[in-house]
Amino acid sequence: RATFSLNAPGALEGTVSYESPCVDSSVGTWKIMLDGDKPTMGWALDYAKSRVLYSALQVEGARPGGTVKARGTIRAAPRAAPDQLRQVGTFDAKTKL
């Protein structure tokens with residue numbers, strides 16, 4: 001489960017924490033990018049040996065009570081070699097507002 005928090009009301013960035021019984025927990029940051037016609041959202045989680053970047057490339061918004069859906073890519077790099085960033089997977093996520 002990822003939990004996203006705002007730095008300030010209306011902010012386009014903040015902190016994210018991730019907890020799971022299957023993998024190590026982590027903390028990081030998130031940011032919404034408003035470049036071009038389609039806004040995107042990305043977040044980075046820092047682990048002991050790597051940094052993992054998530055980029056939501058398709059987002060379906062929703063009204064309160066609805067479900068927000070996102071689809072995107074997952075890239076990772078060793079913390080000792082951040083220039084070795086490579087795609088390691090994709091994700092589909094959804095949450096009820």
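**View 1. The largest pocket holds about 870 Å³ of space.** Its volume is the space filled by probe spheres set on grid points joined across faces, edges and corners. A pocket here is an open set of points on a 1 Å grid over the protein atoms alone where a 1.4 Å probe fits, with protein on both sides within 12 Å along at least five of seven lines; lining residues have an atom within 4 Å of a point. There are 27 lining residues, and Phe4, Met41, Trp43, Ala93 and Thr95 sit closest to the centre. This is a predicted model, with local features needing pLDDT of at least 70, side-chain atom pairs counting only at pLDDT 80 or more, and totals for chains, interfaces and linings using all residues. Residues are numbered from 1 along each chain as its sequence is written, and side-chain values use heavy atoms, leaving out hydrogens and water.

**View 2. Phe4 and Trp30 make an edge-to-face pair.** Rings of Phe, Tyr and Trp (its six-membered ring) pair if their centres lie within 6.5 Å, with planes under 30 degrees apart called stacked, over 60 edge-to-face and the rest tilted. For Phe4 and Trp30 the centres are 6.4 Å apart and the planes at 80°. Trp30 is buried at 7% relative accessible area, while Phe4 is partly exposed at 35% (buried is under 20%, exposed over 50%, partly exposed in between, with a 1.4 Å probe and protein chains only).

**View 3. Trp43 and Tyr54 are stacked.** Their ring centres lie 5.3 Å apart, with planes at 10°. Both are buried: Trp43 at 13% and Tyr54 at 17%. Ring pairs tie Phe4, Trp30, Trp43, Tyr54 and Phe91 into a cluster.
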